[in-house]
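Subject: Handing over the structure

Dear colleague,

Below you will find the structure that I promised to pass on to you. My notes on what was found in it follow after it, arranged by topic.

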Amino acid sequence: MESQFKVSKNSKERGNNHLPKSPFANIAISLSGGGYRATSFHLGTLAYLSSKTWLGVSLLERTRILSTVSAGTFVGVKYVTTLKKGGTIKDCYKSVYSFMSECDLVTEALEYLSKDENWLEGKQRSLINSFAAIYFEKFESETFNLIWDDQHPIHLKEICFSATEFNFALPFYFTKTEKPSSTHIHHEYIGNKKIHIPIDVAKEIRLSDIIAASSCFPFGFEPINFPDDFAYAGAEKLMDNRLLPRHAHEGDQIHYPIGLMDGSIDDNQGIDAVVLAEERMKQYSPELNILRSHDHKAVDLYIVSDVSPPSMESFIRSTNNKIPYISNWNFGSLQNFGLCSAIIGVFAILFASYTNTKASIIALSIFGTVSLMLALVLLIFSKGITGLTKRFGVSEYELNRILHFDSLKFGILYNLFVNRSKSGMKLVSEVFIKQMKWFSLERIYSDSAWKPRVLMNAARKLIDHEVIKRRKKHHYLHNELLEPGEKIILVTSKANTKHTTLWFTDDELAGEDNMLNTLIACGQFTTCFNLLEYIERTVKNEYYQSDYLKYDDATKKAIDELQTSLMADWIKFKEDPYWMVNEWNAKKLS
């Protein structure tokens, strides 16, 4: 199915911007964060990669680097431990699918949090530790030692689960590598360039706690603390603080415990970990050279599996000055209403003393008391922001300026508060993360050697407006790719309505075309599409024609065979986007 070269470009010196010498031979994958939306999508991605082969070996088994962040760590950890125990991707699929569909994670975590007997061993009583306990009981009970066990080698040679630490504000990596430790740094793989946790200590860490640290997203959780929250009975080295380094290599003091949170705070796509892993692979000892590509990069293809949208909804300021009943009030109004309420209260109590019936006495007394209490509250708050802040030691200079706020109506003050709080929240939860995403992407796209090796497996790639944009920008693609069909677009749109949560509601799990199946299917057909597009836009692009022509006949034939197989699947996906997930679910139940 070798196509004609497309998109004419002037021939020029491209530096390291060349096709890999052996495309698809060695692969790197990173799995982004994004709640259960990400976990499900990535599960579909790995499942699909396992179904396609390059020279007799599946694309998944050709993966050498695995980097995971946040919810991507769920499927990443389970896949690695499954392989280490002699299982397959199908066993991993069954385990992850069952956990997401059957475990009511939030309810069980909250129930665990509420029981006093669960907190007798000294761990901080926190929501993130409750989730970690459920991960351990219901999902993954192994320790990091299993991944470092070299007696059961697997196709993954560089494995990294990412979190973010609150000591030096750097990514914190839980890494397994084939590269031996250097002579001057013996603990360079667990932590970062500042904090290096000894491997023997790290091996005792439960993988459930690593999942918790990696997916501990801001506002939803508090930090999980290392080593305090990672310690447990029997973890002798982990509980021995004497084994932990007290200073970074540059001399900075390390303060324990170290707060760890979601890896997506720094790099939601896990790109930096892949870049570092690829650099380590280049330094493999001679006996390990067979495990990498001997090219401009140690891997031939880097698949970035990402469910986060490239942009975000614009911030829309609040212009509604209306608050029910009190929008046109100010602090002066409170004083007037307070005085009125006090007068009414006094009169009510006086009338109560002159009335003869017991019911009237009780009613007037209660009414008078409530009126006086309301008056007290109103008069206290009528002092305004200036009066309320005086007791906090605010300087006279600041008080003279705060005074101007006291004359504003409550509707205007409401807008001032809402616009600042909403924009601040959006800045922390979206803008900063988007900025980090672009910085990470720039790291690979600014490297000419990475450019022809990167495949963005974005969950929104087949949403309607992306399809329209592609028709205009890449009109040279095969018509089957330019016209994915209404079914694919609808399923993609549905998948992208899932919010970033660690649960599926009962409604979301109802029916065969439920949200879990929809996200897995989206991962499968999106991966299929992106592999096809990669072959057409990169491997068989006229820009790389000189590189392509250097391939021997066997390589060209393998490319054509892979493309033909992918296209056959793509046509089936267009007819029924759920055909593969239904097949995998049938095998899961058998």
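Which residues are linked in a network of salt bridges? They are Lys461, Arg470, Glu533 and Arg537. Please keep in mind, here and throughout, that this is a predicted model.

**Salt bridges**

The structure holds 23 salt bridges, and a few pairs deserve a description of their own. One of them joins Lys52 to Asp569, whose closest N and O atoms are 2.8 Å apart. Because Lys52 sits in the loop between helix H1 (35-51) and strand E2 (53-54) while Asp569 belongs to helix H21, this pair ties together parts that are 517 residues apart in sequence. Lys52 counts as buried, since its relative accessibility is 6%, and Asp569 counts as buried as well, at 10% relative accessibility.

Another salt bridge is formed by Arg453 and Asp295, with 2.9 Å between the closest N and O atoms. Arg453 lies in the loop between helix H15 (410-445) and strand E11 (454-458), and Asp295 in the loop between H10 and strand E10 (301-306), so that parts 158 residues apart in sequence are tied together by the pair. Both Arg453 and Asp295 are buried.

In the salt bridge between Arg471 and Glu483, the closest N and O atoms are 3.0 Å apart. Arg471 is in helix H16 (residues 464-473), and Glu483 is in the loop between helix H17 (479-482) and helix H18 (486-495), twelve residues apart. Arg471 counts as partly exposed because its relative accessibility is 32%, and Glu483, with a relative accessible area of 34%, is partly exposed too.

**A charged patch on the surface**

Which residues form the negative surface patch? Glu512, Asp513, Glu575 and Asp576 form it. Of these, Asp576 is found in the loop between helix H21 (553-575) and helix H22 (579-589), and its relative accessibility of 32% is why Asp576 counts as partly exposed.

**Enclosed elements**

Helix H10 (residues 271-281) is largely enclosed by the rest of the structure, because nine of its eleven residues are buried. Those buried residues are Ile271, Asp272, Ala273, Val274, Val275, Ala277, Glu278, Arg280 and Met281, a list that holds the charged side chains of Asp272, Glu278 and Arg280.

Strand E10 is likewise largely enclosed by the rest of the structure, since six of its six residues are buried. In a regular strand the side chains alternate between the two faces of the sheet. In E10, the side chains of Leu301, Ile303 and Ser305 point one way and those of Tyr302, Val304 and Asp306 the other way, and all of these residues are buried. Which strands pair with E10? E1 runs parallel to E10 and is joined to it by five bridges, and E11 also pairs with E10 in the parallel sense, again over five bridges.

**Backbone details**

Most residues other than glycine have a negative phi, and most peptide bonds are trans. Against that background, which peptide bonds here are noted as cis? The peptide bond from Phe226 to Pro227 is cis, with omega near 5 degrees, and the peptide bond from Tyr256 to Pro257 is cis, with omega near 0 degrees. Pro227 is placed in the loop between strand E8 (224-226) and strand E9 (258-262), and Pro257 is found in the loop between E8 and E9.

Phe24, although it is not a glycine, has a positive phi of about 70 degrees; Phe24 lies in the segment before strand E1 (27-31) and, at 1% relative accessibility, counts as buried. Ala169 also has a positive phi, near 60 degrees, in a residue other than glycine. The place of Ala169 is the loop between strand E5 (158-165) and strand E6 (171-177), and with a relative accessible area of 61% Ala169 is exposed.

With kind regards

Terms used
Residues are numbered from 1 along each chain as its sequence is written. This is a predicted model: local features need pLDDT of at least 70, side-chain atom pairs count only at pLDDT 80 or more; totals for chains, interfaces and linings use all residues. Side-chain values use heavy atoms; hydrogens and water are left out. Patches are made of residues with over 30% relative accessible area and no salt bridge: like charges are joined within 9 Å, nonpolar side chains (Val, Leu, Ile, Met, Phe, Trp, Tyr) within 5 Å. Accessible areas come from the Shrake-Rupley method with a 1.4 Å probe; for residues, only the protein chains shown count as cover. A salt bridge is a side-chain nitrogen of Lys or Arg within 4 Å of a carboxyl oxygen of Asp or Glu. The place of a charge is taken as NZ of Lys, CZ of Arg, CG of Asp or CD of Glu. Helices (H or I, at least four residues) and strands (E, at least two) are DSSP runs, numbered from the N terminus. Buried means under 20% relative accessible area, exposed over 50%, partly exposed in between (1.4 Å probe, protein chains only). Two strands pair if DSSP finds at least two bridges between them.
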